[in-house]
Amino acid sequence: MFAFFLFSFVQFAQKPYPVNKNNKPTRAGIDLYVAYEKEKTIKELQEFLNDSLLIDVEITTDDISEYYKNEELDMAYHITYSDGSAEIVIDNRERYVAYDINGITNLKKFNLTTSNQFVKTVLVHELMHTYFLQKVVIAKYLGAYVSKEYDYRNIMAIQIFPNYEKAFGAEFIEEGVCQYVVNEMKLEIPKVPPKSKTVNDILENSNEIKYYYSIQFLKPFLDSLGVGEGINVLIRNSPPSYNEILNPNIFYKRLL
Ligand SMILES: [Zn+2]
């Protein structure tokens, strides 16, 4: 009896992070959530990856609306430095649907079409950028070849002299790996991207292509190789061209 009582107390003590009158996470709640849940979330991710996050990444929260090149859909910043370290800033404005996907009813899940964002999902997505970076850092350390578009040491050079198609391809791959993991961990409501047939379709729907079509593009490959080994292969190959994004077979055939 006593044990049962204690157990319910612990359950109660862990109870919900604060929500506002629209039942959405509050700014203070988002700050708390990220501070208290980050270690647990990192552990869950490591279990999924069957690998460790070695980069000591600082994770903070802030209103990111005034940040460099901020776009309406951005929910966080993953800042990569040319020495191979990283920082994550999660947006703490009150525009998340819930803290995590379990925080909403099935009916609501069914009705969610546009905004599909949870604090935990954003956190895992950003941590996957850190993991992707870690794979590049380790490959460089081991003297392995890394295609220049993925090399953190070239970040400035790529921003100054972008080859748009290759830069897009590299972003498509990295975002796709992050989104694949978020989906496999069932942290997001799956979304079907529009079918693209031409380069113009890609450019016009670049967000859907980068964040949703990329999952379909990568899934068979990552399912069979695993995320860690999959990233190792992807980063030693030049990113997909627009044509290869439209025709995955052509891309996968040339991988070394
Ligand atoms: Zn991202």
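Visitor: Let's take H8: what covers the buried residues of H8?

Guide: Keep in mind that this is a predicted model. The cover over the buried residues of H8 includes helix H6 (164–184), helix H7 (199–204), helix H9 (227–235), helix H10 (242–246) and helix H11 (248–254). As for what they are covering, the buried residues in H8 are Ile209, Lys210, Tyr211, Tyr212, Tyr213, Ser214, Ile215, Phe217, Leu218 and Leu222. H8 itself takes in residues 206–225, 20 residues in all. From first C-alpha to last, H8 reaches 26 Å, close to the 28 Å expected at 1.5 Å a residue. Now look at leucine 218, where H8 bends by about 50 degrees. Proline 220 follows within four residues of that bend, and Leu218 is itself on the buried list. Just past the end of H8 sits glycine 226, with a positive phi of about 90 degrees.

Now over to the sheet. Three strands make up this open sheet, in the order S1-S3-S2 and with mixed pairing. Strand S1 (58–62) and strand S2 (76–80) are the edge strands, and each has a single partner, so one side of each has no neighbour in the sheet. On average, and ignoring direction, neighbouring strands here are turned by 20 degrees against each other.

Take the parallel pair to begin with: S1 and S3 are joined by five bridges, and isoleucine 59 has isoleucine 88 in S3 as its bridge partner. S2 and strand S3 (residues 86–91) are antiparallel, again with five bridges. Along that pairing, threonine 80 is bridged to alanine 86, while tyrosine 77 stands opposite valine 89. S2 and S3 form a hairpin with five residues between them. In its turn, glycine 84 has a positive phi of about 90 degrees.

Helix H4 (residues 119–141) lies across S2 and S3, at about 165 degrees to S3. Helix H2 packs on the sheet too, and the strands it touches are S1 and S3.

Key:
Residues numbered from 1 in each chain as written. Predicted model: local features only at pLDDT ≥ 70, side-chain atom pairs only at ≥ 80, totals over all residues. Helix = DSSP H or I, 4+ residues; strand = E, 2+ residues; numbered from the N terminus. Expected span 1.5 Å × (residues − 1). Bend = angle between axes of the 7 residues up to and from the residue. Buried ≥ 20, exposed ≤ 12 C-beta atoms within 10 Å, placed from the backbone. Contact = placed C-beta atoms within 7 Å. Pairing = 2+ DSSP bridges. Axes fitted to C-alpha atoms, helices over the stretch in contact; angles between N-to-C directions.
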